[in-house]
Amino acid sequence: MTKEMDMQERFQQYVDAENKVEPKDWMPEKYRKTLIRQISQHAHSEVVGMLPEANWITRAPSLRRKTALLAKVQDEAGHGLYLYSSAETLGADRMDMVEDLLAGKAKYSSIFNYPTPTWADIGAIGWLVDGAAIANQVMLCRTSYGPYSRAMVRICKEESFHQRQGYEIMMTLSKGTPAQKKMAQDALNRWWWPALMMFGPTDDNSPNSAQSMRWKIKRKSNDQLRQEFIDKTVPQADYLGLRIPDDQLRWNEETGHYDFGPINWEEFFDVLKGNGKCNKQRLEARQKAHKEGEWVREAANAHAEKMARREKRETSAA
């Protein structure tokens, strides 16, 4: 057995024993690269995810709704920062990750390439999109990489508030006027299938999942998480008096789960390739924000350099 193989075997045993891998620990290069890819995509998703909701901050129907949405968008920015920091502990460069996003090289969650034409879409995003994110992310609180695991604890706590906020919006609309209930149903119709796609391709079409589960980066498969989300969300829709847009949705007594119709994976992969309704719009918005924020970065760097010179002078004088 080569030294490399021996180290990989010891690493697997270490992970199997439910130990956390820390930045200075030895790890297989593929483990490190897998984490950088996953964490950076997660960070990009948090940053791009602010865009569908941000344009509703000034148009939200009340001051209470405006402040809650503003706080949520601010939370998402914070999540992106936690995650970029986690990726940096693996040797990734933050600006390289950002440049890849701005150049269209990096992936982010396909869900954010859909438009938000009505206020109900904000409710549906909170209920369904953040609900799906929580299903994905709760397991990441137990991921094998320590910095990622610890970042996810706080992120999940905040995401749970976002999900409740969205569900409360949908509840208000579904118990309102016929026009408001129709608005809520239309939003559910738009977001249901994209939300199911958030969990990624089926297990037999997800080449990285098996290895990620062996390394305990992931704790559950895409299909398992998707099924759990459906089982939890269908009763919530029933309580709202809204109909899930799936004619094949049925409770299966034998399996104890809901059976559901086929997902349009052609649409999913088409959006990933950049052909979604808002792909171009989202990328242009990020590029514009990055360019307009250049002076802030320059000022921050200049201040940091100034403080470093001052500290050096004071240290020399002492």
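**Ring contacts, a helix pair and a buried glutamine**

The charged end of Arg164 sits over the ring of Phe161, at 4.9 Å from its centre. Such a placement requires NZ of Lys or CZ of Arg within 6 Å of the ring centre and within 35 degrees of the ring normal. Lys175 lies over the face of Tyr239, 5.5 Å from the ring centre. The model is predicted: local features need pLDDT of at least 70, side-chain atom pairs count only at pLDDT 80 or more, and totals for chains, interfaces and linings use all residues. Residues are numbered from 1 along each chain as its sequence is written, and side-chain values use heavy atoms, with hydrogens and water left out.

Aromatic pairs were searched over the whole structure, and 11 were found. Rings of Phe, Tyr and Trp (its six-membered ring) pair if their centres lie within 6.5 Å; planes under 30 degrees apart count as stacked, over 60 as edge-to-face and the rest as tilted. Trp251 and Tyr258 form an edge-to-face pair, with 4.9 Å centre to centre and 70° between the planes. Trp251 is partly exposed, at 42% relative accessible area. Tyr258 counts as buried, at 16% relative accessibility. Buried means under 20% relative accessible area, exposed over 50%, and partly exposed in between (1.4 Å probe, protein chains only).

The ring centres of Trp265 and Phe268 are 5.3 Å apart and the planes stand at 90°, so this pair is edge-to-face. Both residues lie in helix H11 (residues 265-275), 3 residues apart, about one turn of the helix. Helices (H or I, at least four residues) are DSSP runs, numbered from the N terminus. Trp265 and Phe268 are both buried. One aromatic cluster is formed by Phe11, Trp26, Tyr31 and Trp215.

The axes of helix H4 (residues 63-88) and helix H5 (residues 94-102) come within 9 Å and cross at roughly 120°. H4 is therefore oblique to H5. Axes are lines fitted to C-alpha atoms, for helices over the stretch in contact, and angles run from 0 to 180 degrees between N-to-C directions. Angles under 35 degrees count as roughly parallel, over 145 as roughly antiparallel, 65 to 115 as roughly perpendicular and the rest as oblique. Leu81, Tyr84, Ser85, Ala87 and Glu88 of H4 meet Arg94, Met97, Val98 and Leu101 of H5. Contact means heavy atoms within 4.5 Å.

Gln163 lies in helix H7 (residues 146-174). Gln163 counts as buried, at 15% relative accessibility. Beyond residues up to four places away in sequence, Gln163 touches Gly126, Trp127, Asp130, Gly131, Ile134 and Gln236.

Methods. Helix = DSSP H or I, 4+ residues; strand = E, 2+ residues; numbered from the N terminus.
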